[in-house]
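This report describes selected features of the structure shown below.

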Amino acid sequence: MVKSIFKRIKPLEIIIYLIIGLLVVCTILPFLNVISISLSSYENVVSNKAMLFPKGWTFDAYTVLMSKKVWISFVWTIVIVIASSVLHIIVCLLTAYPLSKNQLPGRKFLLLFILIPMLFSGGLVPYYKVLSGLGFVDNWMVFIVPGLFSGYNVILMKNFINQIPASMEEAARIDGAGYFKILFSILAPSSMPIIATLLLFYGVGKWNDWFTALIFINQKTYLYPLQSVLNEILTAGNLDNISGLITSGKVFTDSTKMAVTIFSIIPIASVYPFLQKYFVQGIFVGSVKD
Amino acid sequence: MLKGTKAKNITILKKINKYRSLYLMLIPAILLLAIFSYAPMFGVIIGFKDLNPRLGVFGSPWADPALKYFMQLFGDSKFWSVLWDTVWISFLRLIFGFPVPVILALLYNEIRNQKFKRFSQTVLYLPYFLSWVVLAGIFKTIFLNEGSFNILLKNLGLSPVPFLTSRSHFLPFLVISDIWKNMGFSSIIYLAAISGIDNSLYEAADIDGAGRFSKMRYITLPSIAVAISINLILQTSNILNGGFDQIYNLDTTGTFYDIIDTYLYRIAFVEGANYSLATALGLFKSVVGFVIIIITNKIANKLGDAGIW
């Protein structure tokens, strides 16, 4: 009996479980601490009594979420994420499909045209100069238009389309379908794993983007996405920058900072576990070199 | 002969006509690339000009001498310390961070319990999806001198550690927090490679009486060697990226480590808008990155077909 248990669980396995378990704990602890701080009363936070579990439960810190500035940036960020992700997927599909056709004249040249910017860029200042010349400074479109194309994502998409059986497309051709129809009514639905993957990563990238606002938004701070407002709140020592954020007299305690932080994490943390099996599959297929 | 070329031209035109809707599809990509990738590439001439905002990029006079801003850059000891810091941080990340996801994937491969595997992966992926703005906020709450972690140390009778407020502690903190953020997610690519291994190899090894370690050593590792080398190439070509997001958000003083990107951002957008000098610095970075990726890819191809292209 004892022998059979030892046979099933080998010492090596125990060590592996311990190592991974330890890493899991190291990842969870900071978040527990943060949640606990956001839900604890001021006195308990200051005296550090709320390490892992909230003490003196209160939702006071979360009233910061009622401020107009946080809400506007939240809604605006959702608009950015949805609009730019959908457009990005359309651009990816439109680019990847022609490139997946070996017989297309000029395909090699087009691939090179896409590859070069993946290896070399003009750098931040020329990029800024081009965009400011086009009027993207303090313009809402800067969050959506300039980053629509990604060579990496197009290549992932192309690899995925390549492994869809050609017979599906041929059957549609015989029925008289054009290339656009084939792409959007046959290939796109069959590419859902890679589309879900790219949607997730592109969407998360947009959700997390604060750099665009740092560089391109100077005056119209009402265009700040959530991350920029979060950054203001987290680094705010002076409340002048954030006038209108909350009613005067309130200070940004660690609790309010962590409340906004958690607010900004929740959407991602509740989405990605459900998409996990898609993106793992997408990366498994997309990483195949061809 | 003239007739021949004409006929050839006609067949090409016919072909293009046949695929015209495919070409139509490529228009958005070509426009986006031309405007947002290729136009900035031509914009590097700013580094060779005395940029005058009123005259614009094309109207501004050429710098005299043409390499004025490059000479200014390379003649400045600040540049060399920035370059050194950038390379040093990237190097430490590579040395300590690169093996972690490989090891993690190998460990995962030995785990039979699917529930534990899925749960722990979900947890370890999480930090990858969060921005450095968020993570820096969290880390500052925990690791600043009055943060939870130092209070814990105090309660245990240990002296607090200035993780974020001393330059010497900041560097290991950068490296470790970067590993912490990315390790789980980076292991996916190796797990993908492992899942592609033909099971009959392991069965054959079983028959030969191979243990877990020898299977790992002689089957798993060689099978994922290509994935490892591709990732190594990608990371090596990133050597001049010290991680702007992380340092900008974590450095409470803004002075501990200047990497190329933070320095460039400062001279272009914070201190005096020296666009020409910043462009020269950006061009230096792009060229070095380009050369490194070409060289490493060539080496990888020589070692076996492990290059990216």
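## Backbone geometry

D138(A) is found in the loop that runs between helix 6 (124-133) and helix 7 (151-162) of chain A. The model is a predicted one. The phi angle of D138(A) is near 55°, which is positive although the residue is not glycine.

P65(B) is placed in the loop between helix 3 (56-59) and helix 4 (68-74) of chain B. Most residues other than glycine have a negative phi, and most peptide bonds are trans.

## Interface of the two chains

In the interface, 90 residues of chain B contact 86 residues of chain A. The size of an interface is often given as the accessible area lost when the parts come together. Here chain B and chain A bury about 7900 Å² between them, with 80% of that area on carbon and sulfur atoms. On the side of chain B, the residues that lose the most area to chain A are M25(B), F36(B) and F129(B), which together account for 10% of what that side buries.

Helix 2 (residues 20-42) of chain B supplies 18 residues, the largest share of the side of chain B that touches chain A. By class, that side of chain B consists of 64 nonpolar, 16 polar and 10 charged residues.

## Helix packing between chains

Helix 6 of chain A packs against helix 15 of chain B at an angle of about 35°, and their axes are 10 Å apart. L124(A), V125(A) and Y128(A) of helix 6 of chain A make this contact with L264(B), A268(B) and F269(B) of helix 15 of chain B. The contact of these two helices has six nonpolar residues, with no polar and no charged ones.

## Helix packing within chain B

Helix 15 (residues 260-270) of chain B also has a partner in its own chain: its axis and that of helix 5 (residues 77-97) of chain B come within 8 Å and cross at roughly 140°. Helix 5 of chain B is therefore oblique to helix 15 of chain B. On helix 5 of chain B the contact residues are K78(B), V82(B), L83(B) and T86(B), and on helix 15 of chain B they are I260(B), Y263(B) and R266(B). This contact comprises four nonpolar, one polar and two charged residues.

In chain A, the axes of helix 4 and helix 12 cross at roughly 150° and come within 8 Å. These two helices of chain A are therefore roughly antiparallel to each other. Helix 4 of chain A contributes K69(A), V70(A), S73(A), F74(A) and T77(A) to the contact, while helix 12 of chain A contributes L226(A), V229(A), E232(A) and I233(A). The residues in contact divide into five nonpolar, two polar and two charged.

Over all chains, the structure holds 12 salt bridges. One of them joins K69(A) and E232(A), with the closest N and O atoms 3.4 Å apart. This pair links distant parts of the chain, since K69(A) belongs to helix 4 (residues 68-99) of chain A and E232(A) to helix 12 (residues 226-235) of chain A, 163 residues apart.

How values were computed. Residues are numbered from 1 along each chain as its sequence is written. Chains are lettered from A and ligands numbered from 1 in the order in which they are written. This is a predicted model: local features need pLDDT of at least 70, side-chain atom pairs count only at pLDDT 80 or more; totals for chains, interfaces and linings use all residues. Side-chain values use heavy atoms; hydrogens and water are left out. Axes are lines fitted to C-alpha atoms, for helices over the stretch in contact, and angles run from 0 to 180 degrees between N-to-C directions. Helices (H or I, at least four residues) and strands (E, at least two) are DSSP runs, numbered from the N terminus. Angles under 35 degrees count as roughly parallel, over 145 as roughly antiparallel, 65 to 115 as roughly perpendicular and the rest as oblique. Contact means heavy atoms within 4.5 Å. Ala, Val, Leu, Ile, Met, Phe, Trp, Tyr, Cys and Pro count as nonpolar, Asp, Glu, Lys and Arg as charged, and the others, Gly among them, as polar. Buried area is the accessible area (1.4 Å probe) that two parts lose on being put together, summed over both. A salt bridge is a side-chain nitrogen of Lys or Arg within 4 Å of a carboxyl oxygen of Asp or Glu.
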